[in-house]
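Here is a short note to read beside the model. Take the points in order, and find each residue as it comes up.

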Amino acid sequence: MSVSRRGFLGAGAVVVGGVVAADRLRFLGPLTTPGPQDAAGSAAAATAAVYRTGHSNNCDGACGHLVHVVDGRVTMIGPAQFATTTISGAPAPTFHPRICARGLSQISNTYSPDRIKYPYKRVGPRGSGKWQRISWDEATSLIAEKFTATQAQYGKTSVWIAPYTGSLSLIEGVVGAGFRFASVIGASAGDSQGDNQGDSATPAGWNYVLVDPENPDNGGGFFDGHESVDFLNAKAIVFWANNVAETSIPDWRIMCDARDRNGTQLISVDPRFTPTSAACDRWLPIRPGSDTALIDGLINYVITHKLYDADYIRSYTVGPYLVDPRTKKWLRADAVIPGAKPDYVVYDESDGTIKAAGDPSVRTPAILGTYPAGGVSAGTAMQALADMARRYTPAYVEKLTDVPAAQVVSLGQLWGTVKPFAVRVGFGLSHWYHGDLHMQALLTLQAITGNIGVHGGGVTTFAGGLTTTAFDLFNWWNPTGTPYTVLEPMQFCDAVTKGEPYPVRAAWFMVDNFAQQMADRNRVVKAMKQLDFCVVSDYVLSATADIADLVLPACTYLEKTDLLSSNNFYLQYMPKIVDPLFESKSDLDAIRMVAEKMGVGQYFDKTPDEYLKQLLRLGRAEVDPTVDGLTWERLTSEAVHLNTDPMPYVPFFDKQFRTKSGKIEFYVEMLVPYGQQVCEHQEPIEASPHNPLYKKYPLVFLSTHTRFRTHSQYVNLPWLKEINNGGNGFLEINPKDAGPRGIRDGDVVRVFNDRGEMKVYARLTEAIKPGVVNCYQGGWDTIKVKHYVAGHPNNLTHQIANPAQSVIPNFPSNAAYFDCLAQVERA
Ligand code: SF4
């Protein structure tokens, strides 16, 4: 049995509704210690309670929170336990309670003075920060009126709904009610494929190699990973562009346990000496964007030193299949073997003949070599890989990547001789024009060394994801049966400014700080200002809210009911723990009020619990064995582990690959038009010394994640500011780059390129390669709050999309945030 799940949900699309008045808190038990003392010194524990919930923000943690409430007010948040058995009662892997500083700070987030308290209507020019308080009734009437008028004038899809990854929960997050609303009013919406603004490239690479994305059953976006505790089974772990110690804090403990208890070797490949690098056995400071060149060098080493796993390649990959040298596509058995059925073709070394791959007489299909077949000399797919990789000698790889040749040899030797070997990648690897290629290359290396579908192996971006078959998402999104029209975030600007592919004139942003977090921000803001009507739901006045016509006060995760099913293998019920503060409402409630006024209120007339019961295929083994036996009572009483096999979960453990061939396709036929059938290195689209622009802008500009916020959330929280440079942003720059520019530590510098600029304090550090600068993304640049001195990293980034990813139907293109050049000077 395999778990069917996708972090990136490709199929169909959206809803909700909900009257949450009767939606009561889940009481798990009274505090065992006395409550706080009142002024007279008497105990006041009568209303004290503790609740379990999941933290649904878009980080890799998916921690459980234990929330202490006294007299209706949250007094403390701590880590919560996870169930020790699966739904069916089998022992679950030990998954320690976990929390980070951001989680602990959620009290201050909920009670922050920065909360938007009421609905507000813009009264000054757009972006002037002038607002007038209005009622919810007025606000929702205005939205209904504007959306109706816009759709009448410009067509249904001219209203764009943008719910994104501010929450990974089911009702209100990235797969939530916004999509259902878009569906029932016929609007367009962004896709539900996760953080599609920048994270689709590595999932694309995954799809090329491990999935047939054209098969609707695969949903065109399947993406998976090893359960985090499975890293304890690895003999070596390479963190490839993955600062897990900072960005997946709870999982870092598992990696350290692997190192300290089991002697697992840890390797960091990163242009920055990160907290993760510091705890690794070795650090390879790579030139940003040259990742595939290093992987090609490792592939070359493994092949030339015969360190590949021949049995695995024969059994589970397309390595032995012959390629037609004229077309670069598969040689077909029915074209070269008389009487054969359509099939792949192999050369059987046991008798020296060409045979259909499925011929039962095949004994030893050749892995390498070129053989006469159908009048041509056809090489195996593995030979095509070897031919490509041959030029990536250690010396050439050093030239391309800056990684010393000796390190290439050493890592190649390790990779070919130590097993199982795990790879953990972050979405940083995705933030490149060729991010898909990076993933394709890593999977290729893992395939030829026999490290896919085995405990302690694989290439994991995050552990687990949003279950698909466990939830009836299609009907949740599309209660009328008609999916919403997808307009990807990367299409937004052209839709507004040029009317392409169709006009968008009004938008509703929820759980999304689009105006700040989207690449090429100046262009995005300009487009947003051209909208006829713009609504933003949020709990703080974000940069996106700054340029809205209407802002709606949203709830935090403690004030509404939802379900978290992301980034691990637990389902975490999220009860409403305290009543919404001020006049804040859940997005579900806000949508319901608008929907009623647009005549579609019947699709939003249930409570969150009622919708969750509809969504969850509770206990229906025939639909998804991972939830077999699940009851609502169990779901709402503890964080249940899905029934996975194996345990801990490993994707493709059964070696049933969802590709056309049923094998790992490290030779990707559908990428022949792009010359990417094997994973040959290609230079970044912008951040390359071969780019003429490099003379003008010689620094690669990275904008990575920090442990002190989740994207743009929590920037304002005093507890986090205290431990994060007072909340001031900074630019990491190597002294070798700073010196010639006359830049000293603490100077304000101007970072710029042709798209825009920002000003920020310089932090001189040797923990970043010369030629590379880094500014943690997500800081606020709002009317009231300047996290940086001025501007934002996304003033410099771009939206150049890689067309290769379009081979996957309905898959979003990727903003290559890190594939960016800039110059730095003293301000
Ligand atoms: S921010 Fe992430 S790591 Fe921190 S408590 Fe929340 S879910 Fe866990």
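1. Start with strand 10, residues 265-269: four of its five residues are buried. Buried means under 20% relative accessible area, with a 1.4 Å probe and protein chains only. Strands are DSSP runs (E, at least two residues), numbered from the N terminus.

2. A word on the source. This is a predicted model: local features need pLDDT of at least 70, side-chain atom pairs count only at pLDDT 80 or more, and totals for chains, interfaces and linings use all residues. Residues are numbered from 1 along each chain as its sequence is written, and side-chain values use heavy atoms, without hydrogens and water.

3. Which strands pair with strand 10? Strand 9 (residues 236-240) runs parallel to strand 10, joined by five bridges. Here I237 stands opposite L266. Strand 11 (residues 282-284) also pairs with strand 10 in the parallel sense, over three bridges. There I267 stands opposite R282. Pairing requires at least two DSSP bridges between two strands.

4. Now the ligand. The residues around the ligand include H55, C59, C63, H65, C100 and P250; each has a heavy atom within 4 Å of the ligand. By class, this shell has six nonpolar, five polar and one charged residues. Ala, Val, Leu, Ile, Met, Phe, Trp, Tyr, Cys and Pro count as nonpolar, Asp, Glu, Lys and Arg as charged, and the others, Gly among them, as polar.

Methods:
Buried < 20%, exposed > 50% of the residue type's maximum accessible area, 1.4 Å probe, protein only.
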